[in-house]
Amino acid sequence: MRVLGVDPGLTRCGVGVVEGVAGRPLKMVGVGVVRTAADAELGERLVAIERGIEQWLDEYEPEFVAVERVFSQHNVRTVMGTAQASAVAMLCAARRGLPVALHTPSEVKAAVTGSGRADKDQVGAMVTRLLRLDAPPKPADAADALALAICHIWRAPALNRLQQAHAAARAPRIPVRKVTR
C-alpha cells in the first residue's frame, strides 16, 4: 500500500509518501513541504497548494491519501487556512478517484508514539525510527505528513473491516419464506 500523507497548512503543507503494510517494515518514498508566501492572495496560495499536491500525486502515484482532520483551535484564522488547505488535498485526491482518509492529530500521535498527547519532537523521533531514517524530517510538517501515512497504513485494515461490517448491517435483508406443498 502506498499512502500520501498531507499535513495541511496555508504557509507550509507537509507531504510524505510511505509504502508498506501493517505488521511489516515501512519505507519512506518521499517527503517535503508545499510552501506558499504568507503575503500572497488566498486564491493564489490555494492554487499553489493544489499544484504542489498534484505534482506529488503525479510523481508518487499513491493508492490512498491520508489528511489530518481539522480540529477546533483558538485561532479561527488558523483553522480556516488549515481547513482550506485540507479541502484542496481532498479535492485533488477525489478528482483522481483516490480514497481519502481523515485522521485526527491525537489518532496519528497515538498510532505512531503510543500516546495521543505526544509532542512534535516525539512524533519526529518515532517517524525517524519507524522509517529507519538518519534524522527527523524537517520541518515538523513534513514529519507529521509521514506520521499520517504511517497511521493510515496501520489503521486501514481495521477501518476496512469496520466499513464492511457497517455496510453489511445496512444491507436490506430479504426474508426467506419456507414454501410447503
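Reader: How many of the residues of S1 are buried?
Author: Buried means under 20% relative accessible area, exposed over 50%, and partly exposed is in between (1.4 Å probe, protein chains only). Strands are DSSP E runs of at least two residues and helices are H or I runs of at least four, both numbered from the N terminus. S1 is largely enclosed by the rest of the structure, because the buried count is six of the six.

Reader: Before going on, what kind of model is this?
Author: Residues are numbered from 1 along each chain as its sequence is written, and side-chain values use heavy atoms, with hydrogens and water left out. Local features need pLDDT of at least 70, side-chain atom pairs count only at pLDDT 80 or more, and totals for chains, interfaces and linings use all residues, since the model is predicted.

Reader: Which residues of S1 point the other way from Arg2, Leu4 and Val6?
Author: In a regular strand, side chains alternate between the two faces of the sheet. Here Arg2, Leu4 and Val6 take one side, and every residue on both sides is buried. Pointing the other way are Val3, Gly5 and Asp7.

Reader: Which residue makes a polar contact with the side chain of Glu19?
Author: Glu19 sits in S2 (residues 12-19) and is partly exposed, at 28% relative accessible area. Its contacts (heavy atoms within 4.5 Å), leaving aside neighbours within four places in sequence, include Met1, Leu26 and Ile153. A polar contact is a pair of N or O atoms within 3.5 Å; within protein, one must be able to donate a hydrogen and the other to accept it, and residues adjacent in sequence count only if both atoms are side-chain atoms. At 2.8 Å, the side-chain partner of Glu19 is Arg2.

Reader: How far apart are the C-alpha atoms of Glu19 and Ile150?
Author: Along the chain, Glu19 and Ile150 are 131 residues apart.

Reader: What span should helix H1 have?
Author: H1 covers residues 42-60, which is 19 residues. The expected span is 1.5 Å times one less than the number of residues. The end C-alpha atoms are 27 Å apart, and this agrees because the span should be 27 Å.

Reader: Which elements do the buried residues of H1 pack against?
Author: An α-helix has 3.6 residues a turn, so residues three or four places apart point the same way. Among the buried residues of H1 are Arg45, Ile49, Ile53, Trp56 and Tyr60. Their packing partners are S1, S2, S3 (27-35), S4 (64-68) and H2.

Reader: In H2, is Ser86 buried or exposed?
Author: Ser86 belongs to H2 (residues 76-95). Leaving aside neighbours within four places in sequence, Ser86 is in contact with Pro8, Val67, Glu68 and Val70. Its relative accessible area is 3%, so Ser86 is buried.

Reader: And what percentage of the protein chain counts as buried?
Author: The secondary structure comes to five helices and five strands, in the order β-β-β-α-β-α-β-α-α-α from the N terminus. Of the 181 residues, the share that counts as buried is 39%.
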